[in-house]
Amino acid sequence: DAFSLRRFHQDFPNQYVNIGVAEQNMINVAAGLATCGKKVFAYGIASYVTMRCFEQIKVNLCSMNLPVTIVVSGAGYTYGADGPTHHATQDIAIMRALPEITILNPSDAVSTSHFARMSYEMPGPKYVRIEKGILGKIYNENHDFSPGLDLLVDGPDLMIISTGIMVHRALELAQALSTRGVRAGVIDIYRLKPVDGDVLVEAIGHASRVLTLEENSVVGGLGSLVCEILADHGRQIPTKRLALPDSFIYRYGDRDWLQGLAGLDLSTALGGIQDWVSQTSSN
């Protein structure tokens, strides 16, 4: 990933600082620059920049409400073969616990590009999770991302709520379910904090069920977020969370393989959802 910064370094040598393998110091330097009037973008691997630097982010950025954008790669099982040290499967849970921070999780190149501009213009600290590789296009160039979420597909039987790369899996699932008689919708929550609960509840509409889909720990991530909002809004609706288990994975392989171990591949997820829909239909 760092190779992509070489062009920036070449074009703007006076606006680029390589801190090296010292993520905590990177946040400290970013905070110092921000107090001098700079708008700072700090980049690193998600698991290290968040968990290793949590105190620095909390105290030096969030408590000071400084305009620093933390941009990370390596969300979820991106670095699957590198093991638990590189798996960023708890970062959403810990980062959304921080006051003042805005969390953006783009699902395609268009949203990623927009979030770069939005991060520059927005006040306060931001946390942006970007993906490696090329993702299919979901949004058009003129899309308005200010609501923080979008209803991509409507479906009265089941509303699948997802974020980031897993939005593409959600769309695949909705299409596959439609051929099996289940009318499934898809919501993309690309601003994970703050989330407008009223907008989310309106997007869910009168769907009979809600299912959250994420490549994050089942503890504290998207599923927890959605359940909190439903509870606060008094929406009693059958809800299921498809996420990574609350455990470390000491098996090594690529991202798709690890997702399969967790039951997040298309075939396994489809079977589990169908069984759940059948069970809730009979109750």
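Author: Two strands pair if DSSP finds at least two bridges between them. Strands (E, at least two residues) and helices (H or I, at least four) are DSSP runs, numbered from the N terminus. This is a predicted model: local features need pLDDT of at least 70, side-chain atom pairs count only at pLDDT 80 or more, and totals for chains, interfaces and linings use all residues. Residues are numbered from 1 along each chain as its sequence is written, and side-chain values use heavy atoms, with hydrogens and water left out.

Reader: How do you know that strands E6 and E7 pair?

Author: Count the bridges. Strand E6 (residues 158-162) and strand E7 (residues 184-189) share 5 bridges, in the parallel sense. The rule asks for at least two, so they pair. Isoleucine 161 stands opposite isoleucine 187 in E7. Serine 162 stands opposite aspartate 188 in E7.

Reader: What makes E5 and E7 a pair?

Author: They are joined by 4 bridges and run antiparallel. With at least two needed, they qualify, so the term applies. Here leucine 151 stands opposite isoleucine 187 of E7.

Reader: Why are E5 and E10 called edge strands?

Author: The open sheet has 5 strands in the order E5-E7-E6-E9-E10, with mixed pairing. E5 and strand E10 (239-244) are the edges: each pairs on one side only. From one strand to the next, the twist averages 20°. Helix H7 (residues 166-178) packs on the sheet and touches E5, E6, E7 and E9. Contact means heavy atoms within 4.5 Å. The direction of H7 makes about 165° with that of E6. Such angles run from 0 to 180 degrees between N-to-C directions, with axes fitted to C-alpha atoms, for helices over the stretch in contact.

Reader: What makes E7 largely enclosed by the rest of the structure?

Author: 6 of the 6 residues of E7 are buried, so the strand is largely enclosed. Buried means under 20% relative accessible area, exposed over 50%, and partly exposed in between (1.4 Å probe, protein chains only). Ala184, Val186 and Asp188 point one way from E7. Gly185, Ile187 and Ile189 point the other way.

Reader: How do you know whether histidine 168 is buried or exposed?

Author: Its relative accessible area is 19%. That is under the limit for buried, so histidine 168 is buried. The residue sits in helix H7. Leaving aside neighbours within four places in sequence, histidine 168 touches Ser107, Leu135, Gly136 and Ile138.

Reader: Why does lysine 137 count as exposed?

Author: Lysine 137 has 59% relative accessibility.

Reader: What makes the contact of lysine 137 with glutamate 141 a salt bridge?

Author: The term needs a side-chain nitrogen of Lys or Arg within 4 Å of a carboxyl oxygen of Asp or Glu. For lysine 137 and glutamate 141, N to O is 3.9 Å, so the pair counts. By this rule the count comes to 10 salt bridges.

Reader: Which residues does arginine 255 join into one network?

Author: Start with glutamate 131. Its side chain meets that of arginine 255 at 2.7 Å, N to O. The two lie 124 residues apart: arginine 255 in helix H10 (residues 255-261), glutamate 131 in the loop between strand E4 (126-129) and strand E5 (149-153). Next, glutamate 215 has its closest atom pair with arginine 255 at 2.6 Å. Glutamate 215 is in strand E9 (residues 210-217), 40 residues from arginine 255. Both are buried. The shared partners join Glu131, Glu215 and Arg255 into one network.

Reader: Why is the pair of tyrosine 139 and tyrosine 190 called edge-to-face?

Author: Rings of Phe, Tyr and Trp (its six-membered ring) pair if their centres lie within 6.5 Å; planes under 30 degrees apart are stacked, over 60 edge-to-face, the rest tilted. The structure holds 7 aromatic pairs. Phenylalanine 115 and tyrosine 190 are 5.9 Å apart, centre to centre, with 40° between the planes, so that pair is tilted. Phenylalanine 115 lies in helix H6 (residues 109-121) and tyrosine 190 in the loop between E7 and strand E8 (191-193), so the pair ties together parts 75 residues apart in sequence. For tyrosine 139 and tyrosine 190, the centres are 6.0 Å apart and the planes at 85°, so the pair is edge-to-face. Both tyrosines are buried. Phe115, Tyr139, Phe145 and Tyr190 form one aromatic cluster.
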